[in-house]
Amino acid sequence: MRKLVTALFILSLCLFIKPAYADKSLYLNNLNTGQKILLIRGTSYIPTETLAARLDTYTAWFPGSNTFILNGSQIRDFINSKGAIYVSAKEAAKACGGSLKFNKRSRDLYFIADKSKVSYTRSRLSSNSQDIQTIDLSSPVSSNKSLPLSSSSSSSSDDLTTVYPQSSAKSDSTILTRHAGGTIMDGLRIPVNATISGIPAPKTQLTSYAAPYTQGTAYFSPKTAQNSTFQVTVTNMEEISVVKNRFNASAGNKYVVLYVSQQNISPEVQIYTGKFTFVDENSKVYDYLEGLSNYWLSILKPGGVNYGYLVFEIPSYARPSYLVLNALNQPPLEINLIN
Amino acid sequence: MIKKISAFLLCFVLFTVIPNFVWAAEKVSIEMWHAMKYEKKDAIDELVKKFMKENPDISVTPKAMLSPDVRLYGNDYSFLYRKIIQGLAENNPPDVAQVYENWTTQFVEINAITPFSHFDGSEAMSKKELDDFFPIFRNASSYDGVMWTMPFNKSIYVLYYNKDLLDKSGVKIPKTWDDLKSAAIKISEDSDIYGIAFSPTVDLLGHIIYSNKGWFISDNKAVFNDDIGVASLNYWNALVNHDKAGEATFNSYQEFLKGNAAFIIETTSRIGSLKNECKFNYGITLLPTGRSQAYQCAGTNLAIFSKDEAKKLAAWKLIKFFARKENNIELSIKTGYLPTRYSAYNSPEYQKFLASYPGYKVGIAALNYGITQPRISAWESIRGFVNDAVFDAISGNLDSKDALNKAADYSNGLLKGFK
């Protein structure tokens with residue numbers, strides 16, 4: 001009987017301490033990750049996948065020895081919830097040389113990471129970031145970086161009712177003048193160390209087709225194809241799991257980012273320059289996510305070039321095959337991404 | 001005999017003259033594409049009905065081109081733009097559509113839209129009517145002195161503040177960027193909330209650049225990475241990462257409503273909803289000044305895409321109708337956008353509205369120093385590059401200078417190749 005009571009007591013405790021997803025958000029370096037923290041017996045746990053991806057560091061889990069490594073440090077307090085590993089926020093902060101802060105009002109958790117103490121980042125290898133500069137608010141504009149952001153001639157909001165628009169507008173640039181010069185190659189070239197979403201693209205290298213924080217590299221050389229109307233060049237390709245620290249790929253998916261340039265090589269103006277789709281090795285077709293991409297459709301005059309990046313969301317197991325441009329009254333233009 | 005002649009004439013009238021009248025009275029049908037929803041869409045629909053009642057020979061179909069999926073198609077305006085250029089390429093454009101100034105540049109360059117000067121005689125707008133538009137809007141719609149688009153849904157950026165939080169900390173309404181920073185830090189320390197919440201976007205950078213006499217593009221070259229641009233980005237960067245008084249978020253309006261931030265920078269289009277949703281005392285004031293005053297305008301204009309002359313005239317009548325004083329007042333009151341002309345602003349109806357919504361006075365005052373973003377064709381793409389730069393700097397991925405240099409490299413390549 002005593003054993004039964006004990007068992008029931010332990011069972012009730014287990015039920016009581018079942019992981020609870022708190023409605024508190026995780027902020028990383030003051031940016032909302034869109035992820036919730038996990039609260040168990042007063043301890044906050046944070047998702048390692050998000051943390052590692054945002055900090056561009058790596059994690060390793062050795063189920064045999066039940067050991068978890070974050071940024072080179074062993075984490076003792078971690079749990080597996082629904083297939084995802086959550087680590088104690090305190091331990092994670094210690095491992096990454098960061099700090100924690102709770103918003104008193106919302107109780108959201110703020111994880112402030114010191115990136116210089118994150119050991120295995122590609123960012124660290126390539127970035128030349130400096131400390132934030134203090135802005136001098138008193139000196140006039142000069143060749144240095146100080147800038148007077150104050151004015152003694154500021155207007156008062158008290159006398160607004162008597163003010164009416166009278167002045168003429170200023171504008172940034174005169175329009176209707178043809179854009180001057182520039183060779184085609186100038187327009188086509190995209191810096192190979194382009195970055196997106198907080199995860200720097202490697203210089204002339206591509207992370208292997210795995211999670212972005214794992215080791216291993218592969219090279220990507222620009223690919224070009226053309227038909228009678230357009231020449232399309234893919235200058236870089238990368239895979240990431242988060243766009244702008246905000247948009248996570250759905251479970252089981254990843255993002256593929258293609259840096260693309262498109263030139264009108266025909267003698268006519270091309271008003272609608274077509275739509276890009278991505279084809280994987282199993283011939284499955286994906287539309288690009290316009291809301292996450294930066295490829296603004298533009299009317300292209302003869303010789304005109306447009307470029308930007310396209311973001312596709314595909315299953316984690318999928319491998320790229322082709323980028324396809326579908327324009328009006330033309331056969332699809334295929335750019336082979338592999339060979 | 002007379003009966004036979006009468007019957008003949010009757011038949012003649014029935015089968016020839018009357019059908020001609022019927023044919024002559026056949027309606028001209030036009031489409032108006034826009035990206036408005038909710039009460040703004042309702043306001044447009046109402047005005048279109050009123051227009052058709054006044055012009056029984058014209059049938060207008062308003063079509064809201066709204067993005068069905070923001071991730072897949074972008075926001076409503078990028079969806080609208082895609083639809084317009086697809087329509088142009090397929091020779092099936094709208095007759096009237098909302099356009100931004102930099103879109104207009106592209107459409108003017110390929111002769112896709114019709115200028116005001118196309119309409120003359122009794123249909124033309126008089127100089128008096130044209131002079132009635134606020135200069136900032138008239139100029140934004142003009143190319144080489146000719147208006148090509150009709151100012152439509154307009155707003156301007158202002159500063160919203162939580163008066164209760166300012167009072168609690170004894171902070172005065174900021175007049176300069178320096179004031180704003182000090183106020184944000186003080187409130188952040190006193191109340192353990194963010195002093196200011198803002199979206200890390202190109203517009204954020206523009207507030208300080210323009211108010212310090214800087215530019216994004218000059219002589220077809222990106223200059224937003226100059227000293228002014230870098231200092232501007234450093235200002236926001238420091239507020240977030242150094243002073244811990246700023247929150248970079250894409251939900252700044254909601255953060256403000258929840259009392260989690262004392263200041264936000266938003267356009268005047270928020271004034272109406274704020275009055276209904278805000279639970280604390282708040283105020284609206286001009287954005288802080290730098291070396292000068294300059295406030296970015298937002299919103300679109302109406303352009304005529306029709307190729308057929310009858311449709312073109314019908315479209316012209318429609319956009320003139322929208323701009324007419326009484327309709328401009330109605331649209332402004334129902335949608336919360338700013339009036340576009342003096343006569344609408346000065347009208348008793350609008351002044352009465354202002355008594356309930358005095359915040360719009362701030363917006364009108366800001367128009368004195370209104371500024372429009374670059375109208376170059378490549379601007380939408382460049383906006384995206386600068387958005388990435390602002391985000392990369394504030395999230396600590398890149399130094400401000402490096403982030404802006406990268407965006408400038410991209411932009412200059414595009415400016416050279418964009419013909």
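Let's start with one residue, A:V232. It is buried, with a relative accessible area of 0%. The cut-off for buried is under 20%, so A:V232 qualifies. Keep in mind that this is a predicted model.

Where does A:V232 sit? It belongs to strand β17 of chain A, which covers residues 230–240. A:V232 and A:R76 are 156 residues apart along the chain, and their C-alpha atoms are separated by 50 Å.

Next, the sheet around that strand. β17 is one of four strands in an open sheet in chain A. The order is β16-β17-β20-β23, and the pairing is antiparallel. Which strands stand at the edges? They are β16, residues 223–226, and β23, residues 305–315, both of chain A. Each has a single partner strand, so one side of each is left without a neighbour in the sheet. On average, neighbouring strands here are turned by 25 degrees against each other, direction ignored.

Let's look at one pair in that sheet. Strand β20 of chain A spans residues 253–264. How many bridges join β20 to β23(A)? There are 11, and the two strands run antiparallel. A:N253 has A:P315 in β23(A) as its bridge partner. A:V257 stands opposite A:V311, again in β23(A).

So is β23(A) mostly covered or mostly open? Mostly covered: 11 of its 11 residues are buried. β23 stands at an edge with a single partner strand, and still 11 of 11 residues are buried.

Over to chain B, and a helix. This is α19, residues 379–394, with 16 residues. From its first C-alpha to its last, α19 reaches 22 Å, close to the 22 Å expected at 1.5 Å a residue. α19(B) is mostly covered too, with 15 of its 16 residues buried. What follows the helix? B:G396 does, and its phi is positive, near 85 degrees.

Last topic: cavities. The count is six cavities of 30 Å³ or more.

Methods: Residues are numbered from 1 along each chain as its sequence is written. Chains are lettered from A and ligands numbered from 1 in the order in which they are written. This is a predicted model: local features need pLDDT of at least 70, side-chain atom pairs count only at pLDDT 80 or more; totals for chains, interfaces and linings use all residues. Side-chain values use heavy atoms; hydrogens and water are left out. The expected span of a helix is 1.5 Å times one less than its number of residues. Buried means under 20% relative accessible area, exposed over 50%, partly exposed in between (1.4 Å probe, protein chains only). On a 1 Å grid over the protein atoms alone, a cavity is a set of points where a 1.4 Å probe fits but cannot get out, and a pocket is an open set with protein on both sides within 12 Å along at least five of seven lines; lining residues have an atom within 4 Å of a point. Grid points are joined across faces, edges and corners, and a volume is the space filled by probe spheres set on the points. Two strands pair if DSSP finds at least two bridges between them. Axes are lines fitted to C-alpha atoms, for helices over the stretch in contact, and angles run from 0 to 180 degrees between N-to-C directions.
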